[in-house]
Amino acid sequence: MIRLGVLIAQHSLKEMESVPGRLLECCEIVMLPYQRLHEAQELYENNQHSVDGFVLTELAYLYLTAKWESFPVPSYMLQITEEELFKKLFQISLNHRNLDFSRVYIDFISDHNNYLGVKNTLDEKDMPITVSLTEVTDQIYEEVLNEHIKLWEDGKIDLSLTRMSNIVDDLTLHGIPHLFLFPSPDSVVQQFEQFVSELAAIHLAESRIAIGHVAIVNADISKQNINEWELQQMLLHKSLLEFSSEQKVPFFIQKSNGLLEIISSYKDLMLFTNNLSQCLLMSYLDKTLPFSANIGWGLGNTMYNARTNAQSANNLSISSQTPGTYIVTDEDQVIGPLGEENCLEYQNGINENIQRISEEMDISTLQLQKIFAVIAKTRKNEFTAEELAYQLGVTARSANRILNRLEEKGAATILYKKQEKLRGRPKKVYRILFANESEEKFKVDE
């Protein structure tokens, strides 16, 4: 069952009394009350490993957003909706028919929440006074309370609306007419159910299987070198275990057809690849091993699919000019080599247009997919053979053959030749025409 930590002001706890019982079937709620906002930060950090997500009051959410670039775990803001606010404003207008809303202070609407629609509804002359503070600090309660008091003492307001339960007693003490607004229990339950649904979707995605195939580069398992190969396998296995321990991600490692297979999860793969952008494992192996390794990761909803994708990814790593990490996802997307300037993202699947162009050009569908990915990534279609070779991860000779073939078939043209050195042949600069002049002839569906 999903476990939610609720960071809420101590004075607002009574507003949440009925909520946990109404959500027993979908989640477990852990109340984490705070008096001051800095306590919310401590409560978050102390409990982030024991919950699946957090629900925060608006102030706590804004306070932590200013402190951190992003939240370590999924976090949601409990808000009062526009509908609820307008219902409350309507009730106020019925109960106080002579009330001038331009003499009402609302301390929870501002630019950050688009004034909850109030600014788009009322004429400017009828617009309530809104909070002037732009930064949420630990002193927010005192600062906002002082605004309420000053506006009241200056005779500028007849009523205050607040979301800050911590200042309600002080407003009473100063004799300021006020109303404390908190989302209704029905609204709170509805918001929590939405949060739980989103977390369930995240968990489903994170539970996908990730299998990694790690192979020693140019491994020689001939009879005369079997002992050396076995030693390399032992060193590789040892490094994988040490990486798992150091990164605190669980690995199940087993031998499989001359390589080592890692069984993990999508969630953990995202951790040690920095969201599929660079491979920390490859960096670790480069530092700890006297030989190089190829790494291929496959994602899938079943072991078979993940293993098949891992084999494809590892083959891509092996065929690349330099060792690197490739990923093949369960949606047949290829990403790699991770962390390199020539990292590409492209679909491994073959559609009818790709197949047709492959047959017309007499170029493999894989190379075509990669060429389209290079053009999309670099936002240009002019390359020398050496430039294209670097982006495709092939030799300059292979890239030259591809460009010559495209030229023969009318899908590329030589723009000019450039001399990069005083000696040697000038290099041809080709313009690949898939994306412009030949767009209609060689159009590929997204």
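How many aromatic pairs does the count come to?

## Basis and count

The count comes to 13 aromatic pairs, where rings of Phe, Tyr and Trp (its six-membered ring) pair if their centres lie within 6.5 Å. The structure is a predicted model, in which local features need pLDDT of at least 70 and side-chain atom pairs count only at pLDDT 80 or more, while totals for chains, interfaces and linings use all residues. Residues are numbered from 1 along each chain as its sequence is written, and side-chain values use heavy atoms, with hydrogens and water left out.

## Tyrosine 44 and tryptophan 68

The ring centres of tyrosine 44 and tryptophan 68 are 5.0 Å apart with planes at 65 degrees, so this pair is edge-to-face (planes over 60 degrees apart; under 30 is stacked and the rest are tilted). Tyrosine 44 lies in helix H2 (residues 37-47) and tryptophan 68 in the loop between helix H3 (58-67) and strand E4 (75-78), so that the pair links distant parts of the chain, 24 residues apart. Helices (H or I, at least four residues) and strands (E, at least two) are DSSP runs, numbered from the N terminus.

Tyrosine 44 is buried at 0% relative accessible area, and tryptophan 68 is buried at 18% (buried is under 20%, exposed over 50% and partly exposed in between, with a 1.4 Å probe and protein chains only).

## Phenylalanine 180 and phenylalanine 182

With centres 6.3 Å apart and planes at 35 degrees, the rings of phenylalanine 180 and phenylalanine 182 form a tilted pair. Phenylalanine 180 is partly exposed at 24% relative accessible area, whereas phenylalanine 182 is buried at 14%.
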